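Thanks for making the time, everyone. I would like to walk through one model this morning, strand by strand, and then turn to its side chains.

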Amino acid sequence: MDISSDLQVVKPIITIVSNKFLSIENYLNIVEYDNNLIRIKTKEKIVKITGDKLVLKYINEGEIGIKGIIYSLEYVD
């Protein structure tokens, strides 16, 4: 089934569950990865996640999942 291009979501979708898990859909790549800081590049901005014991729970072509204690999430240029 083909979906019209104006209906396709290409913007990043970020889902946060408490302060323990988040997922980012429509990301481009991982810019920086550490157990206290993860920076993910999207088509619009870089998403900066800070926390403690951050790990990549899963990663695939369209989505990335991050687990740990999340302190903050911010968009940076």
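β4 and β5 pair in the antiparallel sense over 5 bridges, where two strands are said to pair if DSSP finds at least two bridges between them. Strands here are DSSP runs of E with at least two residues, helices are runs of H or I with at least four residues, and both are numbered from the N terminus. A hairpin through 3 residues takes the chain from β4 to β5, and on these two strands Lys41 stands opposite Ile46 in β5.

Before I go further, a word on provenance: this is a predicted model, in which local features need pLDDT of at least 70 and side-chain atom pairs count only at pLDDT 80 or more, whereas totals for chains, interfaces and linings use all residues. Residues are numbered from 1 along each chain as its sequence is written, and side-chain values use heavy atoms, with hydrogens and water left out.

The protein chain has 0 helices and 6 strands, so to speak of its elements from the N terminus on is to read β-β-β-β-β-β. The 6 strands make an open sheet with antiparallel pairing, in the order β1-β2-β6-β5-β4-β3. At the edges stand β1 (13-17) and β3 (27-33), each with a single partner strand, so one side of each is left without a neighbour in the sheet. On average, neighbouring strands of this sheet are turned by 40° against each other, direction ignored; the axes behind that angle are lines fitted to C-alpha atoms, for helices over the stretch in contact, and angles as such run from 0 to 180 degrees between N-to-C directions.

As for the other pairings, β5 and β6 run antiparallel and are joined by 11 bridges, with a hairpin of 3 residues between them and with Ile59 opposite Ile64 in β6. On its way through the sheet order, β6 is also joined to β2, again antiparallel, by 5 bridges, and there Leu22 faces Ile66 in β6. Between β1 and β2, which run antiparallel, there are 5 bridges as well, and Ile13 stands opposite Glu25 in β2.

Which residues make up the largest nonpolar core? It has 11 residues, namely Leu22, Ile24, Tyr27, Ile38, Ile40, Val47, Ile49, Leu54, Ile64, Ile66 and Ile70. By nonpolar core I mean a set of buried Ala, Val, Leu, Ile, Met, Phe, Trp, Tyr and Cys residues joined through side-chain atoms within 4.5 Å, and buried means under 20% relative accessible area, exposed over 50%, and partly exposed in between, with a 1.4 Å probe and protein chains only. At least two residues of this core come from each of β2, β4 (37-42), β5 and β6 (63-76).

Leu22, a member of that core, touches Thr15, Ile16, Ile49, Ile64, Gly65, Ile66, Ile70 and Leu73, if residues up to four places away in sequence are not counted; contact means heavy atoms within 4.5 Å.

How many aromatic pairs does the structure hold? There is 1 aromatic pair: the rings of Phe21 and Tyr58 have their centres 6.3 Å apart and their planes at 35°, so the pair is tilted. Rings of Phe, Tyr and Trp (its six-membered ring) pair if their centres lie within 6.5 Å, and planes under 30 degrees apart count as stacked, over 60 as edge-to-face and the rest as tilted. The pair links distant parts of the chain, with Phe21 in strand β2 (residues 21-25) and Tyr58 in strand β5, 37 residues apart. Phe21 is partly exposed, at a relative accessible area of 23%, and Tyr58 is partly exposed too, at 30%.

Lys57, in strand β5 (residues 46-59), is in contact with Phe21, Gly65, Ile66 and Lys67, once neighbours within four places in sequence are left aside.

Finally, some totals: of the 77 residues of the protein chain, 25% count as buried, and among contacts between residues at least 6 apart in sequence, 40% join residues at least 24 apart.
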